[in-house]
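Q: I have a structure open and would like to talk through it slowly. Could we take it one part at a time?

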Amino acid sequence: MQTVFTISTQGHGLYEMTDHAAAWVQSTGFLTLFVRHTSANLLIQENADPEVRKDLRAFFARLVPQATDPAMSYRTHTYEGPDDMLAHIKSALLPVSINIPVTAGRLALGIWQGIYLFEHRDAPKQREVVAHLQ
Amino acid sequence: MQTVFTISTQGHGLYEMTDHAAAWVQSTGFLTLFVRHTSANLLIQENADPEVRKDLRAFFARLVPQATDPAMSYRTHTYEGPDDMLAHIKSALLPVSINIPVTAGRLALGIWQGIYLFEHRDAPKQREVVAHLQ
Amino acid sequence: MQTVFTISTQGHGLYEMTDHAAAWVQSTGFLTLFVRHTSANLLIQENADPEVRKDLRAFFARLVPQATDPAMSYRTHTYEGPDDMLAHIKSALLPVSINIPVTAGRLALGIWQGIYLFEHRDAPKQREVVAHLQ
């Protein structure tokens, strides 16, 4: 059983998509989500305090700073824009696919866990997430 | 086929749980493990030399230093304690779920691979790991 | 349905293995790949511009610098060679297993996504990747 969720993004940041997945699953099995892009990721993170997402973004913005930062002078892949190679690096550090067990039709997430699409590009995008349940 | 393993942790570090998983699997299929927390992870790593785990912890402690370190001054999520946001960041960098093929009732791990719960909090915790075999 | 792909590596770098996987899958389901090593990873990344792989390697070489770099002075696991502990750290930051949905016999990869074995050791190696389709 497969479907595709399309998530609209308006710049980099974490977009919660827990409800998309929770509404779609049924029975017992497990859910695999897979993002079809190399400049956005899937992430399970705390969904209580928005400051967690703010700080996560700040951490990754320091780990992979802006293209104009001297620390990024090694960068050669530039023709898709200044934020593209940064997005590929973040994409390598974060999950492309995640698995979540489903028990009696409910995602077995912990109480504080939410599912996010983590967008790394500045421009608006339509992101495809393939969902597979079995 | 699902179960939940509960792992007791006493402060941050890597807790091996290979035996829990190895004893539970059977037949051919594959095993998914999923940690129901946003401040601990699952990790497959070398289980021969304990110095590997020591050095891994040292690396992550440098990448995400203590809350008192000036490099962490961007942190805004503070009310759950000084080690909480650090734990969320490490949690984003490391796996929440892992998949291991099972062949004839045995985990298809490489000879040096062990399964660990990587705890990031200082306080003792009971961590839940959902196991799903199919 | 399981098989093992063996990938020969000649030093660190990204070795594309998309064709191995694409030729093996069939029907609808999903594919899990699992690398049986703690000093190499699997990675889904852009397979259009080779500069992306070059820059990714540069990023990881800065994040986890050579053993002679003062930033790595905490390292205690040394007896398997100067590049071994660096490889374990990279191995913790990158995927050991990946899942890819399969739709009507085709990998549901995005148009720019390729599958790579990311080798972290300098010496030539034979790397085993277990594939499981269901």
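This is a predicted model: local features need pLDDT of at least 70, side-chain atom pairs count only at pLDDT 80 or more; totals for chains, interfaces and linings use all residues.

Q: What kind of aromatic pair do B:Phe5 and B:Trp24 form?

A: The pair of B:Phe5 and B:Trp24 is edge-to-face, with 6.2 Å from centre to centre and 85° between the planes. It links distant parts of the chain, since B:Phe5 sits in strand E1 (residues 2-9) of chain B while B:Trp24 sits in helix H1 (residues 18-24) of chain B, and the two are 19 residues apart.

Q: And how are the rings of C:Phe60 and C:Phe118 placed?

A: Their centres are 5.8 Å apart and their planes stand at 90°, so this pair is edge-to-face. Here too distant parts of the chain are linked, with C:Phe60 in helix H2 (residues 50-63) of chain C and C:Phe118 in strand E7 (residues 113-119) of chain C, 58 residues apart.

Q: Changing topic, which residues touch the most other members in the largest nonpolar core?

A: That core has 81 residues, and the ones touching the most other members are A:Leu31, A:Leu33, B:Leu31, B:Leu33, C:Leu31 and C:Leu33. A second, separate core has 57 residues, including A:Leu43, B:Val64, B:Phe118 and C:Phe60. As background, nonpolar side chains tend to be buried together in soluble globular proteins.

Q: What does A:Leu31 touch, then?

A: Leaving out residues up to four places away in sequence, the residues that A:Leu31 touches include A:Ala21, A:Trp24, A:Val25, A:Ile98, A:Leu107 and A:Leu133.

Q: OK, strands now: in what order do they come in the open sheet of chain A?

A: The order is E1-E8-E3-E5-E6, which makes five strands with antiparallel pairing. Strand E1 (2-10) and strand E6 (106-107) of chain A stand at the edges with a single partner strand each, so one side of each has no neighbour in the sheet.

Q: How many bridges join strand E3 and strand E5 of chain A?

A: Strand E3 (residues 29-35) and strand E5 (residues 97-103) of chain A are paired over six bridges in the antiparallel sense. Within E5(A), A:Ile98 is the residue that stands opposite A:Leu33.

Q: And which strands pair with E8 in chain B?

A: One of them is E1(B), which pairs with strand E8 (residues 125-133) of chain B in the antiparallel sense over eight bridges, and B:Ser8 has B:Gln126 in E8(B) as its bridge partner. Another is strand E3 (residues 29-35) of chain B, which pairs with E8(B) over five bridges, also in the antiparallel sense, and B:Val35 stands opposite B:Val129 there.

Q: What about strand E4 of chain B, is it enclosed or open?

A: Seven of the seven residues of strand E4 (residues 40-46) of chain B are buried, so this strand is largely enclosed by the rest of the structure. Seven bridges join E4(B) to strand E7 (residues 113-119) of chain B, and the two run antiparallel. B:Glu46, for example, has B:Gln113 in E7(B) as its bridge partner.

Q: How many residues of helix H3 of chain A are buried?

A: Ten of the ten residues of helix H3 (residues 84-93) of chain A are buried, so the helix is largely enclosed by the rest of the structure. Among the elements these residues pack against are helix H2 (50-63) of chain A, helix H3 (84-93) of chain B and helix H3 (84-93) of chain C.

Q: Last topic: what rotation superposes chain B on chain A?

A: A rotation of 120° with 0.0 Å of shift along its axis does so, with an RMSD of 0.0 Å. That is the relation of a three-fold axis. Among the residues of chain B, B:Leu93 comes closest to the rotation axis, with its C-alpha at 3.6 Å.

Notes: Residues are numbered from 1 along each chain as its sequence is written. Chains are lettered from A and ligands numbered from 1 in the order in which they are written. Side-chain values use heavy atoms; hydrogens and water are left out. A nonpolar core is a set of buried Ala, Val, Leu, Ile, Met, Phe, Trp, Tyr and Cys residues joined through side-chain atoms within 4.5 Å. Buried means under 20% relative accessible area, exposed over 50%, partly exposed in between (1.4 Å probe, protein chains only). Contact means heavy atoms within 4.5 Å. Two strands pair if DSSP finds at least two bridges between them. Helices (H or I, at least four residues) and strands (E, at least two) are DSSP runs, numbered from the N terminus. Copies are superposed by least squares on the C-alpha atoms of residues with pLDDT of at least 70 in both. Rings of Phe, Tyr and Trp (its six-membered ring) pair if their centres lie within 6.5 Å; planes under 30 degrees apart count as stacked, over 60 as edge-to-face and the rest as tilted.
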